[in-house]
Amino acid sequence: MRRGRLQQGGDQSPRGVPTMGRTQRVVALATTVATSGAMLAFTIGSSGSAAQVDPASRAIEYLQTQQSASDGSIPVGASTDSVSEEYAISAAAAGYDPSALRHGTGPSVMTYLAAHAASACASAGGCGLLIQAVVAAGLNPASFGGQNLLTLLHSLYTSSTGSYGDGEAFTQALAIQGLVADKQPVPSAAVHRLVKAQDSDGGWDFLLIKDDPNGATNFDTSDTNSTAMVLMALDAAGTHTRDASALAWLHSQQDSDGGFPYQAGAGTDPDSTALVIQALYAAGQNPLSHTWAIGGHTPLATLIAAQGSGGGYTFPGSTGPDPFTTAEVPLALERTPYPLVHSFFTPGFTPASNAQVATASVLYLQTQQSASDGSIPVGASTDSVSEEYAISAAAAGYDPSALRHGTGPSVMTYLAAHAASACASAGGCGLLIQAVVAAGLNPASFGGQNLLTLLHSLYTSSTGSYGDGEAFTQALAIQGLVADKQPVPSAAVHRLVKAQDSDGGWDFLLIKDDPNGATNFDTSDTNSTAMVLMALDAAGTHTRDASALAWLHSQQDSDGGFPYQAGAGTDPDSTALVIQALYAAGQNPLSHTWAIGGHTPLATLIAAQGSGGGYTFPGSTGPDPFTTAEVPLALERTPYPLHCGAAVCFTAGRTPSASTATPMAVHGRLPS
């Protein structure tokens, strides 16, 4: 059940109940990668543009299909304004330009919002949400659609009561969030109104009063939606004194599937789950932690699992997805509460642009593919680069079994022919299993081998080690098991946990002394840390996230990217791996937390792409497949192992093709 969605013409209106191979590069180079470059805007062939695999982008893409080509809105009746505003905010949080979001050649969603600014600001809650959308889009709420939205919101404030508009939960919360979004002062009386309205159980109710004059009982008792919105507003305004009691009440409402209902007994729904996830992030909680895992189900995992194959979300009892339900979800998938204070995006960048960038890198790799055996031949790393190519292609929506150079064999044909040798090492076997699963094939019967049996034969239970048990070996083996939904030995996880260095990172050797006398491989590095973090998070262990993320943050370069180790200079591979680890650990790499000098790691990675779609390692003369193969999964915003949820990763037989290529310069973000 939901209540409190803003509708035009009123503050609120209720909603009814209801060997390591390729990744062994551990070379520290001192050359810094350039932060400007060219991004190919490919027009994909008759099969259509590749969709993003990450849930947030897929939800935004669904919403874009619902956008009106005539006025730019997402038309859902009385809620058209609020759904369109949520769409704009979510897109900005995902790094997409709201002013470029349109259906076909129609006007953008910001064009619609500008045309309806005055009517949206007829209510305080509607005005607060509109201000958030305008700020997220990098525009000025003091001059938008011919209106000063701040003046309009101020006119709806009653200082004697501290109320914005009717002063109820969503109205008050959205108004305060709008002020914080634009860095405006929040009246202390407005904050106090929310604080004193907290119910004795620790939650907040929709009406913010104890007696409903209409005799209803469900709107004057605490509900998750009101509690989440109020908690986000209070935390945004700097008031955290009510966090503990509110979080305790929210915890009591969590369902056995990990999600949240509007009120206990109503059943999990996407909107309630999404709002609570946002509130948890606002209050400094980790929704991926064991604290919020009920029966092994976290709210974020439950929300992702509820996504439909087309990216949309369905409210319980409905027959299919709808934009009203879906618009509430992307910010939770982006790990971002209201308000979005900083947005970092490139002007003109859209989900289609992002998919084109990833496709460009896959297309480059395809040009490097052998027409004789289907591999991407790079010497000793041929197996791993070919496996990464297959996984990346699947994430971009292309069939790995159809990836070939001309009329040659596919990459999966090559991998099948070399399955036994690839599984001679535990890390190689783990990565191969990931590629086979990504291609929709069976690792228990691939290339005449049972890859799971081969991997198991390389496990030493007394030490918890796969193969040599070092960082990439152990991480890839665990990722392979998770990819195929196999149990992961607790000793294998424990080996990684206990090997964490005192600074919070992990080193390549997972030992403190290198017998060869080297020092750069037995001190923490971003690559090992990222790979281990992805493995631990995939296995459900998040206890080391905070310390690892703190260490990774300390390694970030001023251009937004990451080096192998501090001082080596940003490189594409390290930046890509850290981006993947951030997503695995529940971070948003496009948030202000990871924007150094206004540069996010994803923008830096995109900017480093060459005109042919490939990537160049610093100090090299041009792009190469060894470097490029590490990058696409980061562009596709997905960690190892690839997980497509309810979505089908690819359509059988679908391959990338480029009919035109138009360079588009990438210069960072549009200031908010």
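In the predicted model, helices H9 and H10 run roughly antiparallel to each other, because the angle between them is over 145 degrees. The angle at which H9 packs against H10, a helix of residues 243-253, is about 155°, and the two axes are 11 Å apart. The crossing of this pair is left-handed. On the side of H9, the residues that take part are Thr224, Thr227, Leu231 and Asp235. They meet Asp243, Ala246, Leu247, Trp249, Leu250 and Gln253 in H10.

Helix H9 also packs against helix H8. The axes of H8 (residues 188-196) and H9 (residues 224-236) come within 10 Å and cross at roughly 140°. The passage of H8 across H9 is a left-handed crossing. Val191, Leu194 and Val195 of H8 make the contact, together with Val230, Ala233 and Leu234 of H9.

Nonpolar residues were examined next. In soluble globular proteins, nonpolar side chains tend to be buried together. The largest nonpolar core of the model has 96 residues, and Leu130, Leu149 and Leu635 are those with the most contacts inside it. Another core, of 81 residues, lies apart from the largest one. Among the residues of this other core are Phe446, Ile478, Leu481 and Leu536.

The structure holds 2 disulfides. One is formed by Cys121 and Cys127, whose sulfur atoms are 2.0 Å apart. The link of Cys121 and Cys127 is right-handed, with 75° about the S-S bond. Both Cys121 and Cys127 are buried. A disulfide also joins Cys423 to Cys429, with an S to S distance of 2.0 Å. The torsion about the S-S bond of Cys423 and Cys429 is about 75°, and this disulfide is therefore right-handed. Cys423 counts as buried because its relative accessibility is 5%, a value under the 20% limit for buried residues. For Cys429 the relative accessibility is 0%, so Cys429 counts as buried.

Most residues other than glycine have a negative phi, and most peptide bonds are trans. In the loop between helix H14 (330-333) and helix H15 (351-367) lies Pro339. A cis peptide bond joins Tyr338 and Pro339, with omega at about -10°. Arg335 is placed in the loop between H14 and H15. Although Arg335 is not a glycine, its phi is positive, at about 60°. Arg335 is buried because its relative accessible area is 17%, which is under 20%.

The loop between helix H28 (632-635) and strand E8 (658-666) holds Pro641. The peptide bond from Tyr640 to Pro641 is cis, and its omega is near -10°. Arg637 is found in the loop between H28 and E8. Arg637 is not a glycine, yet its phi is positive, at about 60°. With a relative accessibility of 4%, Arg637 counts as buried.

Ala371 is found in the loop between H15 and helix H16 (382-395). When neighbours within four places in sequence are left aside, Ala371 is in contact with His405, Gly408 and Pro409. Ala371 and Val411 are 40 residues apart in sequence, and their C-alpha atoms are 9.8 Å apart in space.

How values were computed:
Residues are numbered from 1 along each chain as its sequence is written. This is a predicted model: local features need pLDDT of at least 70, side-chain atom pairs count only at pLDDT 80 or more; totals for chains, interfaces and linings use all residues. Side-chain values use heavy atoms; hydrogens and water are left out. A disulfide is a pair of cysteine sulfur atoms within 2.5 Å. Buried means under 20% relative accessible area, exposed over 50%, partly exposed in between (1.4 Å probe, protein chains only). A nonpolar core is a set of buried Ala, Val, Leu, Ile, Met, Phe, Trp, Tyr and Cys residues joined through side-chain atoms within 4.5 Å. Axes are lines fitted to C-alpha atoms, for helices over the stretch in contact, and angles run from 0 to 180 degrees between N-to-C directions. Helices (H or I, at least four residues) and strands (E, at least two) are DSSP runs, numbered from the N terminus. A crossing is left-handed if the near helix is turned anticlockwise from the far one by less than a right angle, and right-handed if clockwise. Contact means heavy atoms within 4.5 Å. Angles under 35 degrees count as roughly parallel, over 145 as roughly antiparallel, 65 to 115 as roughly perpendicular and the rest as oblique.
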